[in-house]
Structure formats: structure tokens, C-alpha cells
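Keep the viewer open as you read.

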Amino acid sequence: MEREKVLFIYNPHAGKGTMKNKLSDAMEIFMEAGFEVTVYATMAPGEAAEIVCEQGEGYSRVICSGGDGTLHEVTHGLMQLPAEKRPKCGYIPTGTVNDFATGIKLPKRIVKAVQVASGNACHAYDIGELNGKYFTYVAAFGAFTAVSYETPQATKNLLGKTAYVLEGISKLNSIKSIPVKVTADGEVWESECILGMVTNAKSIGGLKLFRKRRVKLDDGYFDGIFVKTPKNPLELNQVMNFLLTGEQNSQIYLLQGSRVEIQTDTEVAYTLDGENGGKYTKAVIENHRQAITYFHGLA
């Protein structure tokens with residue numbers, strides 16, 4: 001019987017480096033599943049994407065272990081491959097927040113997540129593209145969005161999600177107002193914002209921002225969240241209330257669209273899945289419906 005060829009890529013530094021301690025357990029599960037496994041430990045940023053681009057077509061399944069950044073790289077690599085030769089993707093979340101993993105109900109315990117990645121329960125989910133760069137679940141600009149890639153890994157390991165909150169609060173005094181023109185499937189909206197996100201995730205940075213809205217990860221549409229610049233303490237309080245509770249108010253503009261264009265007068269820095277996404281005056285964000293099949297923990 002021919003063994004299924006699997007490419008396993010893990011980030012030894014993600015989270016507290018927990019995958020290194022569970023490597024033997026993971027390999028045992030892979031062997032029991034009948035996999036023929038090729039293993040890579042990433043040593044530098046961008047390496048996971050390069051490995052998938054160069055070797056991905058030779059495998060039926062790519063399994064990656066790390067944080068949202070590792071998954072982001074693997075996703076970008078998979079999208080470089082022809083759709084008909086694109087392997088399915090398993091994800092073992094070992095990072096600090098793991099938003100995408102939360103959305104597809106992956107177990108937090110590594111051994112359980114390895115079992116899911118080695119199983120057969122899978123589904124095709126939407127993938128985003130911003131000016132030629134692919135992302136798994138969110139493209140964002142403005143307040144707090146640089147926190148993930150500017151926060152030192154040691155701080156993330158020590159404080160977990162608290163690191164993001166503390167780092168975000170420390171940036172409050174330097175929040176910049178950004179005039180934007182947003183076009184979503186032909187509908188235009190203009191305002192000044194401190195934060196904008198185009199996403200297909202149910203939580204972002206560990207925050208659940210869609211309390212009364214059902215977010216689908218496979219319908220070909222993004223959900224957009226734009227936070228207007230607060231002009232007084234009451235409006236600032238409304239902004240903070242939304243970030244903490246997900247309850248919508250007059251400071252928040254929500255949209256849906258398969259193609260979203262964001263135009264600004266000056267270059268604005270974007271983050272993709274918590275990673276540095278570049279600076280643009282015009283960001284064209286497109287949804288590739290059900291482009292990658294991921295193994296999930298949904299019942």
C-alpha cells in the first residue's frame with residue numbers, strides 16, 4: 001500500500017517552543033496514519049512559504065505547526081501553486097493567539113491538533129489577497145495592527161494575549177487619524193478612521209468582534225470593520241467598548257464584500273495575519289472563495 005506523502009513544517013520558536021517537546025508524539029501519530037513524512041524546522045522568516053512553493057506540488061498534504069504567522073506563510077506558499085495541484089493543509093497551532101485555529105475549532109492541545117491534521121475531516125475555506133500578497137484571515141491597518149510583529153517573541157511567550165493588550169494600550173497616545181475611501185462591491189463609504197480590518201475570522205487578536213453577526217469562512221465574502229476617529233471622550237469610550245465587547249455602535253462601520261478597495265492620501269502600513277504586509281495608498285483586497293482545504297475540528 002502506497003503511503004500518503006506529507007510535508008511537515010514547524011516553527012521551533014512559536015509560542016514557548018512547545019512543538020519541540022511533542023515532536024516524537026507527532027511523528028508517532030503520522031506513522032500510525034500511514035504517512036511518509038518530510039520534516040522541516042524553519043530557521044528564518046519567509047522560509048515556510050519558500051519550502052511550500054518549491055516542494056508543495058509533490059505532496060498531498062502539508063501540515064504546519066506554529067503561530068498565525070507560520071500559517072500565513074504556508075498559505076501564501078500554497079496559493080502560489082496551481083489550484084489542481086494544491087495540497088490540503090493541516091495546522092497545529094502553537095502560537096500566542098491563533099485566531100484562525102479558533103475559527104475552525106482546532107484543539108489547543110498539541111497531540112489532539114496533530115490527530116486532527118492527520119485525519120480526514122476537512123473543508124475548503126476562503127483566502128484573501130491584498131495587492132498580490134495572500135492572507136488567511138485578516139488584512140488590517142491603523143491602531144494596534146502592528147502590535148503582533150512589533151512585540152518581541154520573548155514578551156509574547158511570557159505574557160500571552162496580555163502582551164498584545166499591553167502593547168496596544170501603550171500606543172493609544174500615538175493613534176493617527178486616517179482619511180479613507182472604502183469601496184466594497186461598488187458601495188462607497190468615506191470617513192476618518194483609526195482602525196480598519198477586512199476579515200473572514202470570528203475573532204481577531206483574541207477579540208470577538210462579531211457578537212450579533214454570523215461570520216462565514218467559505219462564502220466568498222469578507223466582513224469589514226472600520227472604526228471612526230473619536231472626537232471626544234464619549235466616542236473614545238464607544239470605541240473601547242466595541243473592542244472589549246464586540247457590541248456595535250455609531251463609531252463602527254461594518255461592510256461585506258468579495259472585493260474591497262481602500263484608498264488613502266498617504267501610504268498606510270498594513271498587517272496580514274499579524275505579519276508586516278507593506279505600505280500602500282491603494283489596497284485592493286480580493287476574496288478567493290474556498291481556495292485552500294484545511295483539516296478542521298468542527299463536529
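**Strands, helices and loops**

Q: In which sense do strand β7 (residues 138-142) and β9 pair, and over how many bridges?
A: Strands and helices here are DSSP runs numbered from the N terminus, with at least two residues (E) for a strand and at least four (H or I) for a helix. Two strands pair if DSSP finds at least two bridges between them. β7 and β9 pair in the antiparallel sense, over 5 bridges.

Q: Which residue in β9 is the bridge partner of Ala 140?
A: First, some background: this is a predicted model, where local features need pLDDT of at least 70, side-chain atom pairs count only at pLDDT 80 or more, and totals for chains, interfaces and linings use all residues. Residues are numbered from 1 along each chain as its sequence is written, and side-chain values use heavy atoms, with hydrogens and water left out. The bridge partner of Ala 140 in β9 is Met 197.

Q: How many bridges join β8 to β9?
A: β8 covers 178-184 and β9 covers 187-199. Thr 183 stands opposite Val 188 in β9. The two strands run antiparallel, and the number of bridges is 7.

Q: Which residue in the turn of the β8 and β9 hairpin has a positive phi?
A: Most residues other than glycine have a negative phi. The hairpin leaves 2 residues between β8 and β9. The turn residue with a positive phi, about 50°, is Asp 185.

Q: Is Asp 185 buried, partly exposed or exposed?
A: Buried means under 20% relative accessible area, exposed over 50%, and partly exposed in between (1.4 Å probe, protein chains only). The relative accessible area of Asp 185 is 44%, so Asp 185 is partly exposed.

Q: Which residue in β10 stands opposite Leu 195?
A: β9 is joined to strand β10 (residues 222-228) by 6 bridges, and they run antiparallel. Opposite Leu 195 stands Val 227.

Q: How many bridges join strand β12 (residues 259-272) to β13?
A: The two strands form a hairpin with 2 residues between them, and Asp 273 in the turn has a positive phi of about 55°. Gln 263 stands opposite Lys 282 in β13. β12 and β13 run antiparallel, and their bridges number 9.

Q: Which residue in β13 stands opposite Ala 124?
A: β5 and strand β13 (residues 275-295) run antiparallel, joined by 8 bridges. The residue opposite Ala 124 is Thr 293.

Q: What is the relative accessible area of Asn 131?
A: Asn 131 is found in the loop between β5 (122-130) and β6 (133-135). Its phi is positive, near 45°. Asn 131 is partly exposed, at 32%.

Q: Is α1 parallel or oblique to α5?
A: Axes are lines fitted to C-alpha atoms, for helices over the stretch in contact, and angles run from 0 to 180 degrees between N-to-C directions. Angles under 35 degrees count as roughly parallel, over 145 as roughly antiparallel, 65 to 115 as roughly perpendicular and the rest as oblique. Helix α1 (residues 18-32) and helix α5 (residues 110-117) pack at about 40°, with axes 10 Å apart. That makes α1, relative to α5, oblique.

Q: Which residues of α3 make the contact with α2?
A: The axes of α2 and helix α3 (residues 68-79) come within 7 Å and cross at roughly 25°, which means that α2 is roughly parallel to α3. Contact means heavy atoms within 4.5 Å. From α2 come Glu 47, Ala 48, Ala 49, Val 52 and Cys 53; from α3 come Glu 73, Val 74, Gly 77 and Leu 78.

Q: What separates the C-alpha atoms of Ser 65 and Asn 11?
A: Ser 65 lies in strand β3 (residues 61-66). At 0% relative accessibility, Ser 65 is buried. Ser 65 and Asn 11 are 54 residues apart along the chain, yet their C-alpha atoms are separated by 6.2 Å.

Q: Is Thr 42 buried or exposed?
A: Thr 42 sits in the loop between β2 (35-41) and α2 (47-55). Leaving aside neighbours within four places in sequence, its contacts include Ile 9, Tyr 10 and Glu 47. Its relative accessible area is 8%, so Thr 42 is buried.
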